[in-house]
Amino acid sequence: MKIGISIDVENRDQLNQHLIAAKESGYRYCQLFYRGDDINESLAKEIMNLCEKYSIEIGPIGGYINALKPSEITLGYTLDKLFRLIDLMPYFNSQELLIWSDTLSDEHMFQKDDRNHTPEAFKQLRNVTEAILKRMESFGGKLIFEPFFTHILHDENSILTFIEELGTERVKVVFDPPNFMTVERFKEQDKTLTTLFETLNPVLAGIHFKDIKLLKDASWPFDYPGPGNGELNYELLADLIKRYQYQSWGIIEHVQPDQFKAAWEFIERSLSNSQ
């Protein structure tokens, strides 16, 4: 498996700083999520020059729109801006695009909304998915959804149903265990992890490595620190990766540059210790 780091930045200065830290920490692979507005050919060439300079390969590209409200800005992206990013993906030698399915809530991007589970919502998601796939058709691009427990794609059943109805091999999901955890599922996290990995393994494009902590007396039930700084059973996750001979990529998330090396060492240690 390729172990990489999430390069999540808002401007070119941050990009350079994070790539330097990634190289110094031993990374040779990354997930790129650039939130700035200057998405153009000049930027793409600059990014590739920097990645070649630091010997870091770009894997999946993040463009986190709200697929249910594609004209609204979510994490810096609308569908129009996402299309500009897609047109630049061949510069990055990347064929994998990461997005949310997201929510219809008017409050915030992690808020539950009963409308997420209606036929109208799934029709909207399908329309946006098909538009993105068409935009990537010339280079065979693949669309990867990052599920979340409050979103329209929130569990293994909603994911498998949606992908089956699409009838294409070009739509996959990233396995990000904390994202699936409701409080109830977190209390049975070993069962949850096993069920999720067994069920979703055929449609997995990659894995996100971060962690999860249950909070008390908080308006939101969880915190999501970097890997090794929470309560996720990484020993079990590593065993599942080995049991199912998972060979694609794993991206470390939710860490700052000064934590890049420690996160890498934790994941390497967890994977090497699996039975």
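In this predicted model, strand β10, spanning residues 249-252, is covered on both of its faces. Trp249 and Ile251 lie on one side of the strand, Gly250 and Ile252 lie on the other, and all of them are buried.

Strand β1 (residues 2-9) runs parallel to β10 and is joined to it by four bridges; here Ile5 is found opposite Ile252. Strand β7 (residues 204-209) is also parallel to β10, again with four bridges between them, and Ile207 of this pairing faces Gly250. In general, the strands of a sheet pair through backbone hydrogen bonds, in either a parallel or an antiparallel arrangement.

These pairings belong to a wider picture. Eight strands form a closed barrel in the order β1-β2-β3-β4-β5-β6-β7-β10, with parallel pairing. On average, neighbouring strands of this sheet are turned by 30° against each other, direction ignored.

Helices join the picture next. Helix α1, made of residues 12-24, packs on the sheet and touches both β1 and β2; the direction of α1 makes about 155° with that of β1. Helix α4 (residues 119-135) likewise packs on the sheet, where it touches β4 (96-100), β5 (142-146) and β6 (171-175). The direction of α4 makes about 140° with that of β5.

Conventions: Residues are numbered from 1 along each chain as its sequence is written. This is a predicted model: local features need pLDDT of at least 70, side-chain atom pairs count only at pLDDT 80 or more; totals for chains, interfaces and linings use all residues. Side-chain values use heavy atoms; hydrogens and water are left out. Buried means under 20% relative accessible area, exposed over 50%, partly exposed in between (1.4 Å probe, protein chains only). Helices (H or I, at least four residues) and strands (E, at least two) are DSSP runs, numbered from the N terminus. Two strands pair if DSSP finds at least two bridges between them. Axes are lines fitted to C-alpha atoms, for helices over the stretch in contact, and angles run from 0 to 180 degrees between N-to-C directions. Contact means heavy atoms within 4.5 Å.
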